[in-house]
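Hello,

Here is the structure for your files. My notes follow below it.

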Amino acid sequence: MMITACNSAMSTIINLIIGAIVGMLGGYIRYLIKKQKEGNVTNECLVKGVMWLLHDILEPAFDEVINRGFAYLDEYENLKSQFEIYEGLGGKNGIKQRMTIVEMLPKKPRGCELERI
């Protein structure tokens, strides 16, 4: 009889401990999910901020190249690299159209005497 009572008490204690551990894990998982959501909002804001900075850099640079009628090789590579980052972040606006125009323009090395085409 005493062994059965001991086993029953131990079983109850073990069940209480398991219940407490599961409850703590559930609370901790809820905490992590909440932190992750807050982190996602911050990350989203950072992505949008970088996108707008790139937009503000690329727009006048593309306009300058388009108005000039050609792109320097190093300038084109820099613009292309920045545009790929901008596009990868989800940027659209008129920047993609400007990049298409710049891709069609002639590319020249710096230091050449160039005339407007």
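Helices are DSSP runs of H or I with at least four residues, and strands are runs of E with at least two, both numbered from the N terminus. Arg 68 is placed in helix 1.

Two points on the source. This is a predicted model, where local features need pLDDT of at least 70, side-chain atom pairs count only at pLDDT 80 or more, and totals for chains, interfaces and linings use all residues. Numbering runs from 1 along each chain as its sequence is written, and side-chain values use heavy atoms, with hydrogens and water left out.

The overall fold: the protein chain has three helices and two strands. Their order along the sequence is α-β-α-α-β. Of contacts (heavy atoms within 4.5 Å) with a separation of 6 or more, 73% join residues 24 or more positions apart.

Burial next. Buried means under 20% relative accessible area, exposed over 50%, and partly exposed in between (1.4 Å probe, protein chains only). Of the 117 residues in the protein chain, 19% are buried.

Now helix 1, which spans residues 2-68 and contains Ile 17. Ile 17 counts as partly exposed because its relative accessibility is 47%. Arg 68 has 18%, so Arg 68 counts as buried. A polar atom of the Arg 68 side chain lies 3.3 Å from the backbone oxygen of Phe 70.

Last, the surface. Accessible areas use the Shrake-Rupley method with a 1.4 Å probe; for residues, only the protein chains shown count as cover. The protein chain exposes about 8800 Å², with 63% of it from carbon and sulfur atoms.

Best wishes

Notes. Polar contact = N/O pair within 3.5 Å; in protein donor to acceptor, adjacent residues only side chain to side chain.
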